[in-house]
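I opened a new page in my notebook for this one.

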Amino acid sequence: AVLGKGQAVAVRLEGQPGTGRADFGAAVAKRLGYGAVLHGALEDDLGTRVRLERFALFAQAALIGPLPELWPDGLPPAPLHFIPCDAPRDAAGIRSAVTLRLRLPEPGLDDLRSVWAQSGGKAEAWADPLAFARLGDVRTVARMQPATAAETAAEFASLCLARMGDVGQPVEPVYGW
């Protein structure tokens with residue numbers, strides 16, 4: 001209704017990383033007849049922010065990504081923003097936009113299995129470690145098309161090790177369930 005009146009809308013998508021915040025924003029944008037542009041932080045790059053806002057305005061696209069802490073004066077916002085947030089917060093936003101908050105729940109096991117199947121994962125290749133994974137990780141491993149649960153667990157472990165980098169070291173558990 002707000003968009004229909006020509007006013008900008010900023011939707012804060014609150015939830016932990018891996019809950020599908022960007023995917024949710026893109027799906028809502030599509031239902032509203034908008035394209036979607038996913039972007040990273042643009043704190044110190046006002047020129048890129050201005051170009052991105054203009055592009056979204058003229059291309060009828062929603063922007064999905066963080067807002068600057070202070071919105072630049074005189075910069076007209078794109079009609080629709082989705083702002084992924086790890087936790088509720090009252091940071092500065094877009095003064096001329098209506099701000100909505102939406103808390104996304106943690107995905108359950110059924111949600112993860114559904115993403116696995118929709119991403120091309122075979123039912124027999126599902127592995128228990130995926131029950132603790134982010135939605136994006138489940139999708140990534142499913143697209144690798146592992147044939148068995150052991151292959152799935154190995155691909156997921158490899159993904160986690162790559163993300164860990166030099167921050168830690170893997171430890172082989174001594175005990176099982």
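Predicted model: local features only at pLDDT ≥ 70, side-chain atom pairs only at ≥ 80, totals over all residues.

I started with burial: 34% of the 177 residues of the protein count as buried.

Next I looked up the overall dimensions. Along the principal axes, the C-alpha atoms fill a box of roughly 60 × 35 × 25 Å.

Then I went through the secondary structure. I found five helices and five strands, and reading along the sequence I wrote down the pattern β-α-β-α-β-β-β-α-α-α.

I also checked how far apart in sequence the contacting residues are. Taking contacts with a separation of 6 or more, I got 58% from residues 24 or more positions apart.

**Picking H4**

I settled on helix H4, which covers residues 135-143. Which of the residues of H4 are buried? My list reads Leu135, Asp137, Val138, Val141 and Ala142. They span an arc of only 165° around the axis, so they sit on the same side of H4.

What covers these buried residues of H4? I found that the cover includes helix H3 (109-118) and H5, and I took the two helices in turn.

**H4 against H3**

Two packed helices are described by the angle between their axes and the distance between the axes, so I looked up both. The axes of H3 and H4 cross at roughly 35° and come within 8 Å. I noted the crossing of H3 and H4 as right-handed. On the H3 side, the contact is made by Leu112, Val115 and Trp116; on the H4 side I have Leu135, Val138, Arg139, Val141 and Ala142. Sorting the residues of this contact of H3 with H4, I got seven nonpolar, no polar and one charged.

**H4 against H5**

H5 runs over residues 149-164. Here H4 and H5 pack at an angle of about 125°, and their axes are 10 Å apart. That angle makes H4 oblique to H5. I marked the crossing of H4 and H5 as right-handed.

Which residues of H4 and H5 meet? From H4 I have Asp137, Thr140 and Val141, and they meet Thr152, Glu155, Phe156, Leu159 and Arg163 in H5. By type, the contact of H4 with H5 divides into three nonpolar, two polar and three charged residues.

Going back over my lists, I saw Val141 in the contact with H3 and also in the contact with H5.

**After H4**

Last entry: what follows H4? I found Gln145, and its phi is positive, near 55°.

Notes:
Residues numbered from 1 in each chain as written. Heavy atoms only, no water. Axes fitted to C-alpha atoms, helices over the stretch in contact; angles between N-to-C directions. Helix = DSSP H or I, 4+ residues; strand = E, 2+ residues; numbered from the N terminus. Parallel < 35°, antiparallel > 145°, perpendicular 65-115°, else oblique. Left-handed = near helix turned anticlockwise from the far one by under 90°. Contact = heavy atoms within 4.5 Å. Nonpolar A, V, L, I, M, F, W, Y, C, P; charged D, E, K, R; others polar. Buried < 20%, exposed > 50% of the residue type's maximum accessible area, 1.4 Å probe, protein only. Arc of directions from axis to C-beta.
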